[in-house]
Amino acid sequence: MKKQLCALMAGAVMLGLAACGGEEEVQNAATATLEQNGVTMTMSFDAKGDVVTKITQESVIDLSGYTEEQIETLNATVDTAEETYAALENVEYSCEEEDGKLVERIVIPTDEDTLKEVVEQGLLPVDDENVTQLSLEATVDNLESAGWTIE
């Protein structure tokens, strides 16, 4: 009986230790939205605890009120953005026209090297240029104080 109890207790301890092995990554741990000048921007954050692990930004522009010249200017801006983001190894960038809307999507993993590179390029505004990780809580607070709606 003692052996069975010891085995049961050892199993419970092992399960407890395995459960404490680390926090799981939560996809879409927070989402922020801002509408400004006809552009709807949405940022979603994956996080492990309070540490942001990935940022996904989607910007949607309704092209119905745009002139041909304005669309050409947007396309030139997209070309520049594609070149900029292509130089960043782990960042994904795409921009497509869908149903009369221009949809830009940027996915930024926030591992230390990628984060440093994105900050150096001025593509992610942060207070500390030497940042090695992003706090989900601080990021959400900053966006909210800048007028973004948080979900």
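This report walks through the fold, the charged pairs and one surface patch of a protein chain.

**Overall fold**

The model is predicted. The protein chain has 151 residues, of which 30% count as buried. There are 4 helices and 6 strands. Along the sequence, these elements follow the pattern α-β-β-β-α-β-β-α-α-β.

**Salt bridges**

Side chains of opposite charge can pair when their charged atoms come close. In this chain the count comes to 2 salt bridges.

| Salt bridge | Distance (N to O) |
|---|---|
| D46 and K54 | 3.6 Å |
| R105 and E58 | 3.9 Å |

Take D46 and K54, whose side chains meet in a salt bridge. K54 has a relative accessible area of 29%. That makes K54 partly exposed, because the value lies between 20% and 50%.

Now take R105 and E58, whose side chains also meet in a salt bridge. R105 lies in strand β5, which spans residues 101–109, and E58 lies in strand β3, so the pair ties together parts that are 47 residues apart in sequence. R105 is partly exposed, with a relative accessible area of 37%. E58 counts as partly exposed too, at 31% relative accessibility.

**Strand β3**

Strand β3 covers residues 51–62, and S59 has its place there. Is S59 buried or exposed? S59 counts as buried because its relative accessibility is 7%, and the cut-off for buried is under 20%. The side chain of S59 is joined to the side chain of Q57 by a polar contact of 3.4 Å. E58, the salt-bridge partner of R105, is in strand β3 as well.

**A negative patch**

Which residues form the negative surface patch? They are E23, D50, E137, D141 and E144. One of them, E144, lies in helix α4, which runs over residues 136–145. E144 counts as partly exposed, with 46% relative accessibility. Residues of a patch need over 30% relative accessible area and no salt bridge, so E144 at 46% clears that area cut-off.

**In brief**

How values were computed: Residues numbered from 1 in each chain as written. Predicted model: local features only at pLDDT ≥ 70, side-chain atom pairs only at ≥ 80, totals over all residues. Heavy atoms only, no water. Patch = residues over 30% accessible without salt bridge, like charges linked within 9 Å, V, L, I, M, F, W, Y side chains within 5 Å. Areas by Shrake-Rupley, 256 points an atom, 1.4 Å probe, with all protein chains shown as cover. Salt bridge = Lys/Arg side-chain N within 4 Å of Asp/Glu carboxyl O. Lys, Arg positive; Asp, Glu negative; His and termini not counted. Charge placed at Lys NZ, Arg CZ, Asp CG, Glu CD. Helix = DSSP H or I, 4+ residues; strand = E, 2+ residues; numbered from the N terminus. Buried < 20%, exposed > 50% of the residue type's maximum accessible area, 1.4 Å probe, protein only. Polar contact = N/O pair within 3.5 Å; in protein donor to acceptor, adjacent residues only side chain to side chain.
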